[in-house]
Amino acid sequence: MDTKTKALQAKVMLWTDVNYHDMDEIDKMKSIPDLESALCNVFGVDLPEPKRGVLLELYVQTVLFCRECNFKKEHTSALLSIIKSIHEANIQTSFNNIEQCFNYCKELLLCHSVRRPPFSIDLFSYEEVNCILKYIHNSYINHYKLYKYIFTPQVKLDLSLTYSGIPDEDEQTLEDSSAPDVENVMETEAAPKTDSSPQTQEASIGEPEGAALDLKALIEKEVREQMTLVSGQLDQRMKDIEDQHHSALDSPQPSHKSKK
């Protein structure tokens with residue numbers, strides 16, 4: 001048995017998050033607070049706010065969607081486990097993995113819409129799969145960045161620049177502090193032969209400092225332009241992925257359910 005076959009088998013046999021007894025307790029709950037309490041006990045949600053509230057809201061809306069579609073207990077149990085698995089795949093990393101999450105979602109739905117025991121079962125029909133896929137896209141995929149922001153650590157870029165050819169501040173301060181003593185010695189020994197006017201000294205000191213500032217400004221400008229370019233490329237990539245998702249939803253899918 002190859003690795004892909006084992007993975008498909010594991011996906012179908014994984015749905016033990018919500019058993020039949022748990023579904024009986026969930027079906028008894030009519031109000032939103034009671035439903036949140038029941039789902040919190042079933043999934044063992046022990047998170048600080050706002051993570052706890054957001055996750056319970058995700059599960060509650062899934063149960064309400066199943067009730068609107070008149071799903072049976074096994075359908076609701078499987079869909080809750082699918083939602084839980086997609087969310088866990090999303091929050092595994094702080095970086096962008098929306099394409100992997102969407103493909104994972106389609107694989108899970110495929111494993112529950114085609115009769116191929118023991119690797120997949122025909123739990124959902126084609127119409128139900130299409131309805132579920134639209135629901136997941138509208139309720140979770142479209143808010144992918146929000147879930148990513150709440151449940152994953154924030155990644156910050158710490159950018160440091162090193163300029164070659166420019167003396168360190170400590171060395172420059174040391175040189176400046178020792179400069180008056182040298183000038184006093186020179187003035188004492190050779191006062192009649194040198195012209196140490198303030199204008200001449202300011203000009204000689206200002207030239208290297210001005211060149212250093214120009215170099216620093218040029219480098220900062222190049223860095224800003226490069227970061228702007230990379231940011232634009234990332235935004236375009238996200239837009240292309242979203243367009244692909246919309247195209248995948250709009251395109252008709254062949255029925256995988258076997259004819260009886």
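Buried means under 20% relative accessible area, exposed over 50%, and partly exposed in between, with a 1.4 Å probe and protein chains only. By that rule, Lys 84 is buried, because its relative accessible area is 16%.

This is a predicted model, where local features need pLDDT of at least 70, side-chain atom pairs count only at pLDDT 80 or more, and totals for chains, interfaces and linings use all residues. Residues are numbered from 1 along each chain as its sequence is written, and side-chain values use heavy atoms, with hydrogens and water left out.

**View 1. Helix 5 crosses helix 7.**
Helix 5 spans residues 73-90 and helix 7 spans residues 126-139. Helices (H or I, at least four residues) are DSSP runs, numbered from the N terminus. Two packed helices are described by the angle between their axes and the distance between the axes. Here the axes come within 12 Å and cross at roughly 40°. Axes are lines fitted to C-alpha atoms, for helices over the stretch in contact, with angles from 0 to 180 degrees between N-to-C directions. The crossing of helix 5 and helix 7 is right-handed (the near helix is turned clockwise from the far one by less than a right angle). Helix 5 contributes His 75, Leu 79, Ile 82, Ile 83 and Ile 86 to the contact, and helix 7 contributes Glu 128, Ile 132 and Ile 136. Contact means heavy atoms within 4.5 Å. By class, this contact has 6 nonpolar, 1 polar and 1 charged residues. Ala, Val, Leu, Ile, Met, Phe, Trp, Tyr, Cys and Pro count as nonpolar, Asp, Glu, Lys and Arg as charged, and the others, Gly among them, as polar.

**View 2. A salt bridge joins Asp 24 and Lys 73.**
A salt bridge is a side-chain nitrogen of Lys or Arg within 4 Å of a carboxyl oxygen of Asp or Glu. The whole structure has 5 of them. In this one, N and O are 2.2 Å apart. The pair links distant parts of the chain: Asp 24 sits in helix 2 and Lys 73 in helix 5, 49 residues apart. Asp 24 is partly exposed, at 22% relative accessible area. Lys 73 is also partly exposed, at 25%.

**View 3. Glu 25 pairs with Lys 28 in a salt bridge.**
The closest N and O atoms are 3.8 Å apart. Both residues lie in helix 2, 3 residues apart, about one turn of the helix. Glu 25 is partly exposed at 29%, whereas Lys 28 is exposed at 56%.

**View 4. Glu 88 pairs with Lys 84 in a salt bridge.**
Here the closest N and O atoms lie 2.7 Å apart. Both residues belong to helix 5, 4 residues apart, about one turn of the helix. Glu 88 is partly exposed at 36%.

**View 5. Asp 22 is buried and has no salt bridge.**
Asp 22 lies in helix 2 (residues 20-28). The nearest side chain of opposite charge, Lys 28, is 11 Å away. Lys and Arg count as positive, Asp and Glu as negative; His and the chain ends are not counted. Leaving out residues up to four places away in sequence, Asp 22 touches Asp 17 and Val 42.

**View 6. Asp 17 sits in the loop between helix 1 (3-12) and helix 2.**
Asp 17 is partly exposed, at 24%. Beyond four places in sequence, Asp 17 is in contact with Asp 22, Val 42, Phe 43, Ser 81 and Lys 84.

How values were computed. Helix = DSSP H or I, 4+ residues; strand = E, 2+ residues; numbered from the N terminus.
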